[in-house]
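Reader: I'd like a close look at the side-chain contacts in this one, rings and charges both. Could you take it slowly and spell out your cut-offs as you go?

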Amino acid sequence: MLFFLPFEGRCDDVEERRNQILEVITEELKEVTRISRQYRHRKPELLLRMGELQLEKARLLKDQEQKKYLEIPPKKRRKISRKRFFSNSRKYFSRAQKICLGIIRKFPRFKLKSEVYYILAFNSKEFGKNRDSEKYFSLARRHSRKGSNIYKKASLALAEFNYNDKSYRKALSLYESGMRGKKDKWWTKDAFNMAWVYYRRGKFSKAISLMKEIYRQSENPKFIDMREKVKSDIGLFYVSANRLSDGIEFYQDLGIDIYPHLYDLGKLLMDQKKYTEAVKVLLQAKKGLEGDKLIDANLTLLNLFEKSGRYHKHFKLSQEIYEAFAEGDLEDEKLEAFLFQLKKVSGVLQKKVLKGAKKNRKNRREKADLAGKYFDLIAKILPKEKGKYLYLKAETYYGSKLMEKAIAAYRESFYYERERGNKKQMRLSLEGMMAALAYPGLSKKIKEKHYIQTYNAYLKVDRKSKKAEKIYQKIFQSYFDKKDLENAENVLKSYKIYFPNKTLNQEAMLAKIMEHYRKSGDRKSFYKWVQKIRKGEYRVSKKYAKQLSSLLLTMQFESVEKSSMKGDKASALRGYLKIFSEKLSGREAKINAAHNIAILYSELGYADKAYEWGQRTVSMMSSAKLLKFATTYLAISSELFNMQRFEKSAKLSEKVYRKICMKKSKEKNSLYKNSYIVYLVSKNFEEAVSLVKSGVRCGVSSSVVDEAHLEILKILGEQKRWKSFERYLDRVKRIRSMKGEVIYQMSLLRDAYKKFSGDGKAAKIEREMEDIYRSLKRSKKKISVDSLFVMAKIRLKRMRYYVRRFDSIKLEFPEKKFNALLEKKISMLEKVASEGENVFQTKSGKGSMKAYRMIIQSYQKLIQEIKEIELVGMSDSYIKNFRKGMKAINNALRKKSLNYLKSAQRLIAQGNVLSTDNYWFISKNRLQFNVEYHFPRGGVLMDRRGRR
């Protein structure tokens, strides 16, 4: 490696020493180059020495060039090319690089390869090629012996690279390798770097111990002196290790004034955004600081408390700084910084209060109180702006819903600004007070305490503005709430003077006063105000004039209602009749009276009177109001029905129904149904039809309308009015929702035609029934049970035809004839089964049961007939063979019969069929007749779920 000649005592001048070393290096370089040429550059040791000398010469030349470069004035220096200025040193760096690369290429097994790589690494570093430099240092370390000088130096160089890349774990490992056993001049510098790596890795105790060791070793002239660096940085290590007291002790042992140093450390930590540590250090620093330094520390802490949101500590410290201000110890620049902090934090707190209006109530109010204290502090420092900050304080309390505190602050601001004659700010403060007083959650006690005083104060400033107009109304309300009618009336008089055209508001105040007198029963005062209105002292709307008349009548209603509540219905009825006939009674009063009269007549059992007054009331009422009482009139109608006033019951229901026709109502269906049923029962057929037709237009439920159509058809059928039945059926057939029901109704008409006018028309109707049925099946629309059974019966008719043909075939011998007859009978049996399938496809339960029964009975008949056939004159062997052959046929027939039986029983078990034929399939003792229950006329047969 490189060696240096000792020059101690030979020359004190650094530049002279550098020149002397350059001469020695140049001489040695010439000699080594000469010897290497003799060996034709085949000795890698000589080439290595040449590379070392070239590198060292380059470094010394660069130092000289750097010195000269820095001596040039900056303005001139900026115009100089650095590449050209440092070209001489770069030339030797390039030669060293070229020599070392040649060694690596020509002598790959050279034992000092690690030293070659080391030179290449340093050379690359000089060229600013850090990636190449790191690569060569890695190769130097890899090819050197562990623990050797090159190994350690390469490790330290690599550690520095990793430290710069923030790869602290890897850097620490390399530092530990490089520092092991090392105690040369550079140990303190490398150890200092290693201590920082310990710090970065969070190993604070090791970092501190190493720093202390570096400080001790730095006292020895053998090592580079790193004491100032240690003193500068070890404080940060102690703070990070949460050992601030140990750090202070360390500095005190050195005899250093620790407090200014702690202040500087606190500022450093703050710049590094380590706010918690900075606070700890600055709080310690404060203990030994005075004067400006103490104020600076406090202002720095104030900034830190603001950044970390520790507002209570911020305010406590602000009070301490304010004391310094009060004593005149705060310079203008520091005062400005202090005010900036106060304004910033007060603003932040105000925003938090306003933004968090719906959040934690306690926390919000604490912030508002603290903001208020800040505003008070600012007001003390800036007395000319006191009113402004008192107003901001009030606004903050308002935002936090601390209304009583807000009112107090607004008032303080108001009186302060009044002394200065600032009307604009006075008005703002008053508006704030009024807004606080109007807050919905404010207690009545607080309102009573502040209302009138605040509003009267405002009216002395402003009497005629829009705001003043609203205030008159609020003062009126305040007096009215306190039942101070005398002052309330005086406010109304003043309001009338200043706002004569605001008749609606005057009317509203009048209404409250008169309502008070009405409720209190003070008729004298009530009539006094009525007289004032009639004389024109106060203008009111026509509507209110009518309402006044109604109010007079309301007093009458009250006594009548008391009679009704006591159960004295006769007295109540007389009272309502009197109100209805009263000339002063308005339309609304008459309607209410008539309504109650109808109810009372119904309750007292006067059916005809109840009907008469019910009709009258319904005529008078609007549809919207009638909608509210639809249930009442439905009840009156029902009571009329119970008292056998059928037609009147229907007419009253119909009248209510038609009046609320276009309104949504739950009772509409009941009124509709009640009317048409009563009309039908009382044989008012035309009225019933007219009412039913209105159902769709009036929004009656479609199911209720459909049921109404069926009821009309049912009545027409029962009365055998077949022409009317047919006309109405034609209309019903056009209703889409009725398609599934009309097949049954058409069957009734078909049967009537069959009975009275032959089969021609009946056949046409049946074809139409088939068309409707197929259409409904295709579109998968619902078909009623009765209609399905009708279609099933049409198919059953054809099925019975084949059953009769089956029954007509009788088995007999000789054998050839028997076989032909048997084949024909089985073929006809299949026809019966095939037609049965057509019945099943209708999905009619009753029809399917009949079809199953007919099929099974046909199978059983054939089986029995085969069993009972007489074989006269046949040999025993023939009879035996015949019976054996017939047994197989019978078994096949029985199996099919059982399959049909099981299908029928399964359908019954599912609960989908309620048929008179059911007993036949599930009873063990089958009878020759059907078991049925004939219910009385008008009864309803229902399934197990209560369905018709």
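Author: Let's start with rings: those of Phe, Tyr and Trp (its six-membered ring) pair if their centres lie within 6.5 Å, with planes under 30 degrees apart called stacked, over 60 edge-to-face and the rest tilted. This is a predicted model, where local features need pLDDT of at least 70, side-chain atom pairs count only at pLDDT 80 or more, and totals for chains, interfaces and linings use all residues. Residues are numbered from 1 along each chain as its sequence is written, and side-chain values use heavy atoms, leaving out hydrogens and water.

With that rule, you get 22 aromatic pairs. Take Phe813 and Phe818: their rings are stacked, 5.1 Å from centre to centre and with 20 degrees between the planes. Both Phe813 and Phe818 are buried (under 20% relative accessible area; over 50% is exposed, in between is partly exposed, with a 1.4 Å probe and protein chains only). Elsewhere, Tyr472, Tyr495, Tyr498 and Phe499 are joined by ring pairs into a cluster.

Now the charges. The whole structure holds 22 salt bridges (a side-chain nitrogen of Lys or Arg within 4 Å of a carboxyl oxygen of Asp or Glu). One of them ties Arg227 to Asp225, at 2.8 Å from N to O. Arg227 counts as partly exposed because its relative accessibility is 27%, and Asp225 is partly exposed too, at 43%.

Next up, Glu647 and Lys651, whose closest N and O atoms sit 3.1 Å apart in a salt bridge. These two are 4 residues apart in helix H34, residues 646-659, so about one helical turn separates them. (Helices are DSSP runs of H or I, at least four residues, and strands are runs of E, at least two, numbered from the N terminus.) Glu647 comes out partly exposed at 38% relative accessible area, and Lys651 lands in the partly exposed class with 34%.

Helix H40, residues 759-778, carries Glu770 and Arg774, 4 residues apart, or about one turn of the helix. Their side chains meet in a salt bridge, 3.6 Å from N to O. Glu770 is buried, because its relative accessible area is 14%, whereas Arg774 is partly exposed at 39%.
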